Amino acid sequence: RTVSFDVPPQQMLSKDSVPVHVDAVVYYRIFDPIISITNVVDVKRATKLLAQTTLRTVLGGHTLAEILSHRDVMQQQFQQYLDTATDAWGVKVERVEFKDVRLPQTMQRAMAAEAEAAREARAKVVAAQGELNSARALKEAAEVMSRSPTALKLRYLQTLNVIAAERGSTIIFPMAMDIMGTQDFGGFALPHSRAPPT
């Protein structure tokens with residue numbers, strides 16, 4: 001039958017010199033009771049001690065980023081190493097699981113600050129890209145309106161319509177007469193401005 005035991009928290013240095021505490025749980029069964037008695041004095045204690053040293057060996061050869069992001073790979077490697085070493089004792093390691101990976105408080109704060117800085121940088125890039133797209137759209141709109149004076153006049157009227165719909169008060173909206181020209185809008189002719197008589 002399958003037996004389990006907890007691996008006490010092991011303190012180690014990762015490959016990039018970051019102190020970490022890792023604890024795990026190991027599930028194993030004895031497939032050959034005879035050699036588990038004849039080849040080792042206390043198979044349970046021996047397996048437990050070997051699991052502690054193997055855990056430090058496996059994780060000590062990887063960086064902190066690899067330990068955190070490739071947890072499944074680390075567990076599989078730990079299981080393979082431990083299963084191969086205990087095969088001569090009649091032990092079959094069926095599964096291992098990391099229970100917790102703890103970092104020092106200073107490292108946690110540093111990683112949180114780094115993540116926040118990265119998020120702010122991405123937000124600024126997105127905002128800058130939006131401003132760039134907006135500027136390009138305004139440039140294209142200005143070029144279209146410059147080629148069609150009627151479009152500019154219609155845009156003026158549309159702006160007035162939007163303002164009137166949003167607010168119920170009287171609004172004075174300045175309008176250049178030379179822009180409006182003399183075209184007819186709804187039956188009203190807009191004359192050119194003339195200089196006062198001398």
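Student: Which residues does glutamine 75 touch, leaving out those up to four places away in sequence?
Tutor: In this predicted model, glutamine 75 touches Val96, Glu97 and Phe98. Glutamine 75 itself has its place in helix H4.

Student: Why is glutamine 75 called buried?
Tutor: The relative accessible area of glutamine 75 is 9%. The word buried requires a value under 20%, so glutamine 75 is buried.

Student: With which residues is phenylalanine 98 in contact, leaving aside its neighbours within four places in sequence?
Tutor: Phenylalanine 98 is in contact with Val22, Asp23, Ala24, Leu55, Leu59, Arg71, Met74, Gln75 and Phe78. Phe98 is also among the residues with the most contacts inside the largest nonpolar core, together with Val22, Val26, Leu59 and Phe78. That core has 28 residues. The elements giving two or more residues to this core are E1, E2, H2, helix H3 (64-69), H4 and E3. H2 gives the most, with six residues.

Student: How do you know that E1 and E2 are paired strands?
Tutor: Two strands pair if there are at least two bridges between them. In the hairpin of E1 and E2, five residues lie between the strands, and serine 17 takes a positive phi near 65°.

Student: What is the order of the strands in the open sheet, and why are E1 and E3 said to stand at the edges?
Tutor: The open sheet has three strands in the order E1-E2-E3, with antiparallel pairing. Strand E1 (2-13) and strand E3 (91-102) each have a single partner strand, so one side of each is left without a neighbour in the sheet. On average, neighbouring strands of this sheet are turned by 20° against each other, direction ignored.

Student: Which helices are placed against these strands?
Tutor: Helix H2 (residues 43-60) lies across E1, E2 and E3 and runs at about 40° to E1. Helix H4 (residues 71-86) packs on the sheet, touching E2 and E3, and its direction makes about 140° with that of E3.

Student: How many aromatic pairs are counted, and why is the pair of phenylalanine 5 and tyrosine 28 called edge-to-face?
Tutor: The count comes to two aromatic pairs. For phenylalanine 5 and tyrosine 28, the ring centres are 5.7 Å apart and the planes stand at 65°. Centres within 6.5 Å make a pair, and planes over 60 degrees apart count as edge-to-face, so this pair is edge-to-face. The pair links distant parts of the chain, phenylalanine 5 in strand E1 and tyrosine 28 in strand E2, 23 residues apart.

Student: Are phenylalanine 5 and tyrosine 28 buried or exposed?
Tutor: Phenylalanine 5 has 6% relative accessibility, and tyrosine 28 has 3%. Buried means under 20%; phenylalanine 5 therefore counts as buried, and tyrosine 28 therefore counts as buried as well.

Student: What is the secondary structure of the protein, and what share of its residues is buried?
Tutor: The secondary structure comes to seven helices and five strands. Buried residues make up 23% of the 198 residues.

Note on methods. Residues numbered from 1 in each chain as written. Predicted model: local features only at pLDDT ≥ 70, side-chain atom pairs only at ≥ 80, totals over all residues. Heavy atoms only, no water. Helix = DSSP H or I, 4+ residues; strand = E, 2+ residues; numbered from the N terminus. Axes fitted to C-alpha atoms, helices over the stretch in contact; angles between N-to-C directions. Contact = heavy atoms within 4.5 Å. Buried < 20%, exposed > 50% of the residue type's maximum accessible area, 1.4 Å probe, protein only. Phe/Tyr/Trp six-rings, centres within 6.5 Å; stacked < 30°, edge-to-face > 60°. Core = buried A, V, L, I, M, F, W, Y, C linked by side-chain atoms within 4.5 Å.
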